[in-house]
Every structure is written in structure tokens, then in C-alpha cells.
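Take a look at the model below.

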4 protein chains.
Amino acid sequence: MQKIRVTIWNEFRHEKKVPAVAEIYPEGLHVALGNGLAAEDLEIKYAALDDPEQGLPDDVLASTDVLLWWGHCAHGEVRDDIVAKVHKRVLEGMGLIVLHSGHMSKIFQKVTGCSGTLKWREIGERARLWNIAPTHPITQGIGEYFEIPHEEMYGEYFDIPKDGNIIFIAHFAGGNVFRSGVTFERGFGKIFYFQPGHETYPVYYQEEVLKVIGNAIRWAKPVFFRELSCPNYPAIDKVGE
Amino acid sequence: MQKIRVTIWNEFRHEKKVPAVAEIYPEGLHVALGNGLAAEDLEIKYAALDDPEQGLPDDVLASTDVLLWWGHCAHGEVRDDIVAKVHKRVLEGMGLIVLHSGHMSKIFQKVTGCSGTLKWREIGERARLWNIAPTHPITQGIGEYFEIPHEEMYGEYFDIPKDGNIIFIAHFAGGNVFRSGVTFERGFGKIFYFQPGHETYPVYYQEEVLKVIGNAIRWAKPVFFRELSCPNYPAIDKVGE
Amino acid sequence: MQKIRVTIWNEFRHEKKVPAVAEIYPEGLHVALGNGLAAEDLEIKYAALDDPEQGLPDDVLASTDVLLWWGHCAHGEVRDDIVAKVHKRVLEGMGLIVLHSGHMSKIFQKVTGCSGTLKWREIGERARLWNIAPTHPITQGIGEYFEIPHEEMYGEYFDIPKDGNIIFIAHFAGGNVFRSGVTFERGFGKIFYFQPGHETYPVYYQEEVLKVIGNAIRWAKPVFFRELSCPNYPAIDKVGE
Amino acid sequence: MQKIRVTIWNEFRHEKKVPAVAEIYPEGLHVALGNGLAAEDLEIKYAALDDPEQGLPDDVLASTDVLLWWGHCAHGEVRDDIVAKVHKRVLEGMGLIVLHSGHMSKIFQKVTGCSGTLKWREIGERARLWNIAPTHPITQGIGEYFEIPHEEMYGEYFDIPKDGNIIFIAHFAGGNVFRSGVTFERGFGKIFYFQPGHETYPVYYQEEVLKVIGNAIRWAKPVFFRELSCPNYPAIDKVGE
């Protein structure tokens with residue numbers, strides 16, 4: 001069995017600066033995620049913004065099948081040339097799973113062509129995610145809905161393209177709704193945006209959240225890697241004069 | 001009646017360097033297009049890459065409802081900060097019509113999140129565009145198909161997102177097919193990609209081509225202009241403890 | 001100005017049998033709707049299940065541009081041959097607006113190919129409809145959301161096709177979410193499903209609800225009427241031996 | 001390994017009446033298809049219009065995971081109650097692969113809500129099918145295009161819904177284009193329409209055609225079988241007075 005090579009990229013700043021976050025995720029939320037996702041068919045590596053080459057030197061990217069992305073306060077620090085390389089790799093086949101505040105990351109904006117703007121509120125309210133795609137690989141093992149006891153609210157209007165296949169619609173106790181799980185395809189790569197994961201709540205220890213992300217990794221696994229190019233192509237049929 | 005403020009942006013290089021192109025479009029293909037599109041409800045201005053601020057200073061962009069874009073050999077010269085401003089304006093409501101070789105322009109890649117790559121061939125073959133969306137505003141006045149006697153071939157696989165509403169499917173005499181008219185929406189703006197328009201053929205004098213582009217301008221007219229933002233949003237419902 | 005010829009079809013049974021409904025809609029909810037929608041550009045007629053030919057003799061259908069459909073307890077009584085005629089007229093260009101419990105009407109099942117099943121609850125809870133399509137003609141004049149104080153709950157999973165353009169996502173006070181406004185296109189006709197309208201609440205007197213339905217009528221107006229057929233079509237190009 | 005239970009339904013009339021067809025498909029095209037598709041993971045049964053219960057008694061349907069449908073001159077003879085059962089089974093999870101002239105079968109019209117009308121021409125011209133979905137399971141093993149030397153032409157405008165995921169776009173030598181492979185989802189079932197297969201040419205012996213249909217069977221395999229219903233659903237959250 002060929003393992004899926006997963007790289008979990010984390011901005012990894014909140015954990016170092018905010019004690020309340022460090023308490024929940026002492027090794028960083030990427031490591032908590034990696035521990036929760038661990039399985040025989042996955043080979044998991046970690047990458048962080050403050051690593052050399054922002055965690056994504058060419059050899060790392062070239063050996064990644066599915067990239068998870070968590071970023072928030074430092075979106076602007078991610079180098080444009082690195083975003084361009086990640087984007088190219090997605091178009092060539094790599095899966096991309098953008099988590100929570102990654103909705104405004106450069107890479108999500110780049111693959112969607114949208115701003116990723118939304119409404120937000122940070123009062124730790126209950127989120128309930130309804131499963132809108134019961135036959136989709138990402139929702140297998142998930143019932144008709146699941147709840148996250150405390151989560152940051154993300155609400156509509158969410159500026160994303162219409163080719164998003166809506167997997168979950170969430171309701172937040174304070175009254176907003178949100179397309180909280182959405183898939184896209186760009187080039188030969190598959191993309192999943194998933195709302196849960198505010199750094200001040202232990203969301204990435206919750207079973208359903210890990211189940212969804214694990215399913216998404218298997219779903220986003222590359223069918224193949226292939227370069228996109230613009231070939232001059234000879235005529236197949238005879239062109240009359 | 002409030003006129004639609006149209007800006008036709010042209011790279012405007014081929015016309016100055018290649019006599020065969022200059023012969024067809026002595027004042028530039030943007031001006032030919034503008035002459036062909038002239039109508040009471042349109043207020044047309046021109047912009048070119050070699051104009052100050054690459055033809056798109058802030059006041060021009062701020063007074064444009066629909067932007068037409070023709071570029072080819074100098075995509076790389078278009079400044080990233082100007083592309084970012086055009087993109088922002090599209091998300092806020094401006095219509096964008098990307099013509100022919102604009103499939104690999106920075107702005108088209110930015111709104112689609114894709115590479116825009118395709119197959120091509122330059123032997124002046126016949127293109128036949130089939131109308132796949134008979135009720136769409138863009139195809140009104142166009143029959144079941146129309147032909148362009150000589151055109152550059154653009155063929156599948158065309159790397160674009162799946163939310164493209166397919167308006168035309170073309171067949172080229174040499175044997176390729178192409179999604180040659182496709183609409184998208186990003187933010188509050190409408191986008192139309194239209195294949196015809198190779199610079200060495202008088203495509204922008206052809207009645208059906210002008211009809212389609214004129215229809216697209218009226219269709220892409222902004223519903224409103226509105227900034228996209230990420231507001232902190234108070235709870236509507238009482239959140240229990 | 002050519003008026004849009006609107007026919008409001010109502011099952012018109014609850015009003016006759018249930019005093020509480022009759023009190024809200026003494027002349028039938030179709031007439032309340034028609035009064036609320038009245039405008040210079042609309043020519044409104046009424047039709048009911050117990051009228052001759054179930055309210056839709058050929059001449060009525062042939063002079064209808066947009067058909068509104070409200071049915072509930074008597075879906076099964078609607079004759080298949082009449083449903084087939086309505087369907088044919090939709091494919092040929094007629095707009096169709098299916099309201100509330102029409103989600104399981106024969107005509108909605110016929111245009112969607114789905115069951116239209118959903119969850120429901122009748123406790124008169126508050127519905128809040130979020131506007132997910134701010135630039136769509138149907139939401140013009142509607143803010144980011146509006147509320148209906150008392151409504152029947154309709155909740156996901158809603159069995160409809162994926163080409164539904166989602167206009168509203170509703171949240172109900174009891175905890176469910178729903179794609180409560182969705183558009184489709186079939187043949188040359190436009191279709192809008194809109195959730196509000198339980199017969200025991202005065203929903204069709206509410207300004208926002210009338211605004212949405214009025215917008216939908218103008219949006220669903222036929223571009224043209226044209227028969228769909230399967231023509232034998234001569235070769236355009238010479239086919240080699 | 002649990003085998004996929006495939007039923008190949010064939011109208012099976014042309015083969016009995018037309019010697020030229022019988023010569024190509026002496027046992028019926030369903031049997032030729034079955035022979036060509038035979039594989040360890042498939043359990044194939046056959047059904048024909050003139051069999052008892054039109055080939056689809058309840059036990060057959062109840063033990064079918066994926067149904068292939070080929071019909072042409074006798075669409076009208078297929079009983080409505082049987083179509084309704086097939087439809088129900090699709091909504092509950094069964095895969096459905098509609099072949100060639102099935103575009104106007106009752107079951108295809110029922111799942112699409114459209115007429116399935118198109119242009120056609122029977123001169124045995126060459127079809128070339130371009131692969132528009134290189135990462136889709138249905139196109140694996142298929143290159144950028146393949147050709148069928150002699151086929152009936154089916155051309156646009158093809159009346160189908162917009163949620164069709166376009167897998168192939170065909171060009172026919174006589175000059176028409178066609179969305180010749182399209183997938184849909186209805187309820188919990190997956191549907192694939194595939195153009196090739198005119199009865200007077202040996203299309204179902206061609207390797208690429210069999211490859212595509214075989215891929216489609218594996219893709220359309222049910223994720224699960226589940227009845228769709230309309231449950232009365234208790235409130236999750238407390239509804240205030």
C-alpha cells in the first residue's frame with residue numbers, strides 16, 4: 001500500500017504567544033491534528049511559517065500529496081513565491097485542505113479568485129454542522145449533523161465561487177448560518193475548505209472534526225500529478241483551403 | 001438613461017510591431033472594437049498597456065462599469081498591483097470580459113484560480129461556435145451556431161473552474177473542440193471569457209462577434225458596487241450559557 | 001409595455017375546510033398573494049384545483065408567462081396529464097414558482113427529478129432567511145436577512161439536484177437549516193422554489209416575502225417560447241469516405 | 001470482495017427485427033456489452049423489454065447496484081409503474097447508466113426533468129470524444145480523446161440540466177458538437193449518460209467505449225441504499241415563546 005503523504009502546515013504563532021492557546025495545543029495545533037489523524041495509510045509531516053523556507057522548501061512540496069493549511073494572523077507574511085509554488089502544485093494534482101481562518105489565506109484566495117470575506121464573532125458559541133451531502137466521501141461516518149460546543153462564528157455572506165460543492169451548512173447559536181464545508185477543483189487538484197478550528201477551543205481533538213478531515217485527506221488524494229502546459233497542437237483533420 | 005461605462009483595455013503591441021496586424025487594426029483592435037460596439041447606452045473609453053499607469057489609473061478604474069481585456073505577448077509586463085486593483089474592482093461589482101489570448105492574462109488567472117492553459121494552433125482554420133445557452137442574455141440574436149472563417153484554434157483541455165456557465169462550444173476545422181464562451185461570478189462581479197479575436201484576422205469586425213460582446217457588456221453591468229469586508233458581527237439570538 | 005401574464009394556482013382546500021386558515025385567507029391564499037403582488041406590469045389570474053380542468057385548461061396555460069404553484073394535501077389528485085402539460089410549457093419557456101409545501105408536488109418532482117423530501121415541524125417557530133446571493137435579481141431590495149415570526153420548519157436534508165442556485169439559507173429557531181430559496185433551469189424555463197408560506201400563518205401578507213416573489217416573477221419571465229424537438233439535421237461539413 | 005451487481009437492460013427489438021443489427025449483435029447488444037464488461041468484481045445479469053415484468057420484477061431491481069439502460073424505438077412501451085420503481089431505486093442509491101438513444105427514455109427524462117431532445121443524423125460518420133474531465137474516475141485509462149469510426153450523430157442543443165458534470169465533448173465529422181458524457185446525482189444515486197452505441201455499428205465492441213462504461217459502473221456503485229422520507233422532526237433547540 002502506498003501511503004498518502006500529508007503535510008500539515010501551521011502558522012504556529014498563537015501557540016507561542018498566547019498562553020490560553022498553548023495550554024490547548026502545547027506542541028502546536030498541527031501536531032495535535034497529526035496525532036489525531038494518525039493512521040496506517042498516512043505519512044504525516046509538519047511544517048510551520050517560521051521554519052526555513054516557511055516550511056515548504058521544494059523537496060517538501062514535491063513529496064506532498066495532500067497539504068493542510070492553518071493560518072490566521074500572519075497571512076500577509078507568507079511569501080508570494082511560496083504561494084505561487086503551492087498553487088502550481090495544486091493545479092498539478094496535490095490536494096489542499098484549508099482550515100478555519102485560512103479562508104483569507106493567500107492560497108485560498110488564489111484558488112478561489114474570491115476574497116474569502118465573511119462575518120465573524122468570537123464568543124465561543126455552539127456550532128451545529130448539518131450534513132448536506134450524505135453520499136460524499138467526506139461525510140461518511142458522520143450522521144445528519146454534529147455539534148461543536150464552542151467555536152468562533154463564521155457567517156454568510158461568504159465570498160466564494162459557485163462551483164463549491166456544499167458539504168456542510170452550519171448554524172451558530174447566535175443566529176448566523178454558514179457554508180462551513182465546501183469542495184472545489186482547480187486544475188488536477190482537489191480542495192476542501194472546512195470551517196472548524198478556532199485556536200482557543202479544543203476543536204481539533206473532537207472526533208467528528210478529525211473524522212471529516214481524515215475523510216477529506218483520502219478524498220483529496222491526487223489522481224495523478226501532471227504539469228499543465230499550453231502546447232502547439234497539430235491539426236488532426238485535414239483543413240480545406 | 002444611465003450609460004454603461006465601458007473601458008476597452010488592449011495590450012496594443014502587435015498592432016505597432018507587425019504590419020499584417022496594423023493593416024487590419026490600424027488604430028488598434030481596441031478602437032476597432034469600440035467602433036463596432038458603439039451604441040447609445042454605452043460610454044466607451046480606451047486604455048493600453050503603454051499608457052500612464054498601464055492605462056488604468058485609479059480614476060479610470062473607479063469610473064468603469066465593464067472592463068474588456070485583450071492581452072497576449074506582454075501578460076508578464078502587467079504590474080501585479082494593477083492586477084490586484086482590477087481584481088478588487090471586479091469583486092466589488094465591475095464586469096470583466098476577457099477576450100481571446102487573455103486566457104492566460106494575470107487577471108483571468110486571478111479570478112479563476114486556474115492556469116488557463118489550453119491547446120493552440122495558428123493555421124487560420126474555420127471556427128464554428130455552437131450556442132449551448134439559448135436563453136442566456138449573451139446569446140440573444142445569435143442562432144444555433146455561427147462561424148468565423150479564419151481563427152486561431154484554442155482546444156481542450158482548457159483549465160478553468162467548473163462553475164463556468166458554458167455559453168458556446170466551438171469546433172475548429174482541424175479537429176479540436178473548446179468551451180469558447182464561459183461565464184463566471186466572483187464577489188459581486190460578472191465575468192465572461194470569449195475565445196474569438198486572434199490579431200491576424202479581422203474577427204472584431206464580424207457582426208456575430210460584436211453582437212456577443214455587446215450582449216455580454218449589458219449582461220455584465222454591475223448590479224451594484226459594494227466593498228467586501230470581514231465585519232465583527234454581534235449575536236442576533238441570545239446565546240445560552 | 002407588455003404585461004407579464006401570471007397565473008396563481010392554489011390547491012384551495014385548507015381555506016375551505018379549516019376555519020383558522022379561512023380566517024387568515026378568506027378568499028384563498030392565491031387571492032391574498034395576487035392582491036399583494038398587484039403591479040402595473042403584471043396581469044394576474046387565479047386557478048384552483050377544483051376549477052374545471054383543475055384550473056389549467058389549455059387556453060389558460062397557453063396564456064401564462066409565469067405560474068405560481070401552492071399545493072399541499074392534494075398533490076396526488078392533480079392529474080398526470082395536466083402535470084405533463086405544465087411541464088411541457090415550462091420546458092418551452094414558462095416560468096414556474098413553487099411555493100412552500102409544493103416541494104412534493106408532482107410538478108416540482110418532475111422538473112427536479114428528485115423526491116423533494118425534507119424534515120418538517122409545525123410549531124410556529126421563527127424562520128430567518130439569509131441572503132446568499134446578493135446580486136441575484138430575486139434578492140434586490142432584501143437586506144442580508146429577513147425573519148418570518150411564525151413558520152413551519154422545513155429542514156435538511158432536502159432532496160434536490162445540485163444545479164440549484166442557492167438564493168436563501170434559512171435557520172429555524174428549533175435548530176434546523178434549509179436551502180429555502182433555490183433556482184433551477186429546465187429546457188427554456190426558469191424555476192424558483194421558495195420555502196415560506198405555511199397556511200396557518202399570515203406569511204403571504206409579509207412585505208419581504210411578497211418582494212421576493214415579485215422579484216422572482218420578473219426574473220422567471222420567459223425569454224421566449226419555443227418548442228423542443230429532435231430534428232434530423234443535415235451534415236454541415238463534407239463527410240469523407 | 002463484494003461484487004457489484006450490474007443489470008444490463010436492453011429494449012432488444014432492433015436485434016430481432018433488423019438483420020443488419022442481428023449480424024452485429026446476434027445475442028442482443030446487452031449480451032455483447034456484458035461479455036465486454038465481464039470482470040471479477042462484477043456480477044452481470046440481463047433484462048429485456050419483452051421479459052416478464054419488462055425485465056425488472058421487484059427482486060431483480062432490489063438486487064441491482066448499477067443499472068444500464070439501452071432503449072430506442074419502444075420508450076413509450078415501458079410501463080410508467082416500472083419507471084417509477086426504477087426512479088425510486090435510483091433515488092435510494094442505485095447507479096444508472098443511460099446509453100445512446102436512452103436520452104429520450106422515460107427514466108432519463110424522469111431523472112433530468114428535461115426532454116432530452118437533441119439533433120441527430122444517421123450517416124455513419126466519425127465521432128471524436130474529447131476528455132474534458134481528466135481526473136474523473138470515468139476517464140481513467142482514456143487519453144485526451146478517442147474516436148469511433150462510425151456512429152450516429154447526436155448534436156447540440158441537448159436539453160439537459162446544468163448540474164451535469166461534463167465528461168466528454170464530442171465532435172462529429174459532419175460538423176456538430178455534443179456533450180456526449182455527462183454525470184448527474186439524484187437523491188443518493190449517481191447517473192451517467194453516455195452517447196455512443198448506435199445499434200447499426202459495432203460500437204460496444206470497441207475497447208475505449210467498454211473502458212468508459214466499466215469505469216462508470218465502478219463510479220456509480222451505491223455508497224449506500226437508504227429510503228428517502230419526510231420525517232416530522234422534533235426541535236433540537238428550545239423555541240422561545
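Which residues does D:Ser115 touch, not counting residues up to four places away in sequence? They are C:Leu91, C:Leu228, D:His103, D:Met104, D:Gln109 and D:Asp159. Contact here means heavy atoms within 4.5 Å.

Some ground rules first. This is a predicted model, where local features need pLDDT of at least 70, side-chain atom pairs count only at pLDDT 80 or more, and totals for chains, interfaces and linings use all residues. Residues are numbered from 1 along each chain as its sequence is written, chains are lettered from A and ligands numbered from 1 in the order in which they are written, and side-chain values use heavy atoms, with hydrogens and water left out.

Back to D:Ser115. It sits in the loop between helix 6 (106-112) and strand 5 (119-131) of chain D. Helices (H or I, at least four residues) and strands (E, at least two) are DSSP runs, numbered from the N terminus. D:Ser115 is buried, with a relative accessible area of 10%. Buried means under 20% relative accessible area, exposed over 50%, and partly exposed in between (1.4 Å probe, protein chains only).

Now find helix 5 of chain B, residues 80-91. The expected span of a helix is 1.5 Å times one less than its number of residues. For these 12 residues that gives 16 Å, and the end C-alpha atoms are 16 Å apart, so the two agree. Among the buried residues of this helix are B:Ile82, B:Val86 and B:Leu91. After the helix comes B:Gly93, whose phi is positive, near 140°.

Next, the interface of chains A and B. Here 43 residues of chain A are in contact with 43 residues of chain B. The two chains bury about 3,200 Å² between them, 61% of it on carbon and sulfur atoms. Buried area is the accessible area (1.4 Å probe) that two parts lose on being put together, summed over both. In chain A, A:Trp120, A:Cys230 and A:Tyr233 lose the most area to chain B, together 17% of what that side buries.

Finally, symmetry. Chain C can be laid on chain A with an RMSD of 0.0 Å, by a turn of 180° and a shift of 0.0 Å along the axis. The two copies are therefore related as by a two-fold rotation axis. Copies are superposed by least squares on the C-alpha atoms of residues with pLDDT of at least 70 in both. Within chain C, C:His171 comes closest to the rotation axis, at 3.5 Å (C-alpha).
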